[in-house]
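Please read them with the structure open.

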Amino acid sequence: FVGEHFSYVNDVLTAGGWKIGNNIISSSAGDDTDGIIIDSEAQSISFHGTDGKDSFSPGTATRNNVRFAVGKVDNGAFGMRAYDASGNVLLSITDEPEALISGWTIGTTAIENGNVKLQSATNASYLGIGATGYAGGSGIFIGQTAASTYRISAEGTSGKFLWDNTKLEIQGQDGTSVFETTQTGATIGGF
């Protein structure tokens, strides 16, 4: 013990509120609370609050209350992750590749969350809400189905709205066409 803010006890150097031990430099209000841990064994830097992700363990040690981590953030994955107070992932960008922001997964060809997807592909790009193809069931599809072929469909239990690049059609609940465009005009209710 050297002084109030400087000591060396049990192989741990304490200086100005920071502790330097075997593979770790840290400063916090308590164990894994309101602080920062630089861990060379885990190859990560973790920032802690009073709540956050528990059981965070990219190395041999387990950390709690993690709000943000940089470096090795999972077994074999390097990047950064941010967590909310309940430990849910708010942001995750890793080398796997993975990109997640507030529940949205961002890949090299798609952005998606739940049943909403924005897909980029040669002659097959689309925006889908509950649907991944034209007239493919309940949901909304706006996209390209072939070279220079664009289609829109909106389907539900009460009917369908279909545009297939040549005509617009609205169908009732039983599939009967109630409106359809033709080359010379449109038919409404069969007229």
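1. Which strands each supply at least two residues of the lining of the largest cavity? They are strand S5 (33-39) and strand S6 (44-53). Keep in mind throughout that this is a predicted model.

2. The cavity itself. A search for cavities of 30 Å³ or more finds 1 in the structure. The volume of the largest cavity is about 50 Å³. Its lining consists of Ile37, Asp39, Ala42, Ser44, Ser46, Phe56, Pro58, Ala61 and Arg63. Sorted by class, that lining has 5 nonpolar residues, 2 polar and 2 charged.

3. Asp39 and Arg63 both belong to the lining of the largest cavity, and their side chains meet in a salt bridge with an N to O distance of 2.7 Å. Because Asp39 lies in strand S5 and Arg63 in the loop between S6 and strand S7 (66-74), the pair ties together parts that are 24 residues apart in sequence. Are these two partners buried or exposed? Asp39 counts as buried because its relative accessibility is 5%. Arg63, at 12% relative accessibility, also counts as buried; the cut-off for that class is under 20%.

4. Other salt bridges. The whole structure holds 5 salt bridges. In general, side chains of opposite charge can pair when their charged atoms come close. One of the pairs is Glu155 with Lys160, whose side chains meet at 3.7 Å, N to O. Glu155 has a relative accessibility of 13% and so counts as buried, whereas Lys160, at 32%, counts as partly exposed.

5. The pair Glu180 and Lys167. These two residues form a salt bridge in which the closest N and O atoms are 3.6 Å apart. Glu180 lies in strand S19 (residues 177-181) and Lys167 in the loop between strand S17 (159-163) and strand S18 (168-171), so the pair ties together parts that are 13 residues apart in sequence. Glu180 counts as partly exposed at 21% relative accessibility, and Lys167 counts as partly exposed at 28%.

6. The largest pocket. How much space lies in the largest pocket? The volume is about 290 Å³. The pocket is lined by 16 residues, and those closest to its centre are Lys19, Ser26, Ser28, Gly30 and Asp31. Strand S2 (12-15), strand S3 (18-21) and strand S4 (24-30) are the elements that give two or more residues to this lining. S4 gives the most, with 6 residues. By class, the pocket lining divides into 5 nonpolar, 8 polar and 3 charged residues.

7. A nonpolar surface patch. Ile101, Trp104, Ile106, Ile111, Leu118, Leu127, Ile129, Ile140 and Ile142 form a nonpolar patch on the surface, and together they have about 680 Å² of accessible area. Two or more residues of the patch come from each of strand S11 (104-106), strand S14 (126-129) and strand S15 (139-146). Trp104, one of the patch residues, has its place in strand S11. Trp104 counts as partly exposed because its relative accessibility is 34%.

8. Backbone angles to check. As a general rule, most residues other than glycine have a negative phi. Asp34 is found in strand S5 and counts as partly exposed, with 44% relative accessibility. Asn65, again not a glycine, has a positive phi of about 60°. The place of Asn65 is in the loop between S6 and S7, and Asn65 is buried, with a relative accessible area of 14%.

9. The segment after the strand S20. Phe191 is found in the segment after strand S20 (186-188). Phe191 has a relative accessible area of 79% and is therefore exposed. From C-alpha to C-alpha, Phe191 and Ser148 are 31 Å apart in space, and they are 43 residues apart in sequence.

Key
Residues numbered from 1 in each chain as written. Predicted model: local features only at pLDDT ≥ 70, side-chain atom pairs only at ≥ 80, totals over all residues. Heavy atoms only, no water. 1 Å grid on protein atoms, 1.4 Å probe; cavity = no way out; pocket = protein on both sides within 12 Å on 5 of 7 lines; lining within 4 Å. Points joined across faces, edges and corners; volume = space filled by probe spheres on them. Helix = DSSP H or I, 4+ residues; strand = E, 2+ residues; numbered from the N terminus. Nonpolar A, V, L, I, M, F, W, Y, C, P; charged D, E, K, R; others polar. Patch = residues over 30% accessible without salt bridge, like charges linked within 9 Å, V, L, I, M, F, W, Y side chains within 5 Å. Areas by Shrake-Rupley, 256 points an atom, 1.4 Å probe, with all protein chains shown as cover. Salt bridge = Lys/Arg side-chain N within 4 Å of Asp/Glu carboxyl O. Buried < 20%, exposed > 50% of the residue type's maximum accessible area, 1.4 Å probe, protein only.
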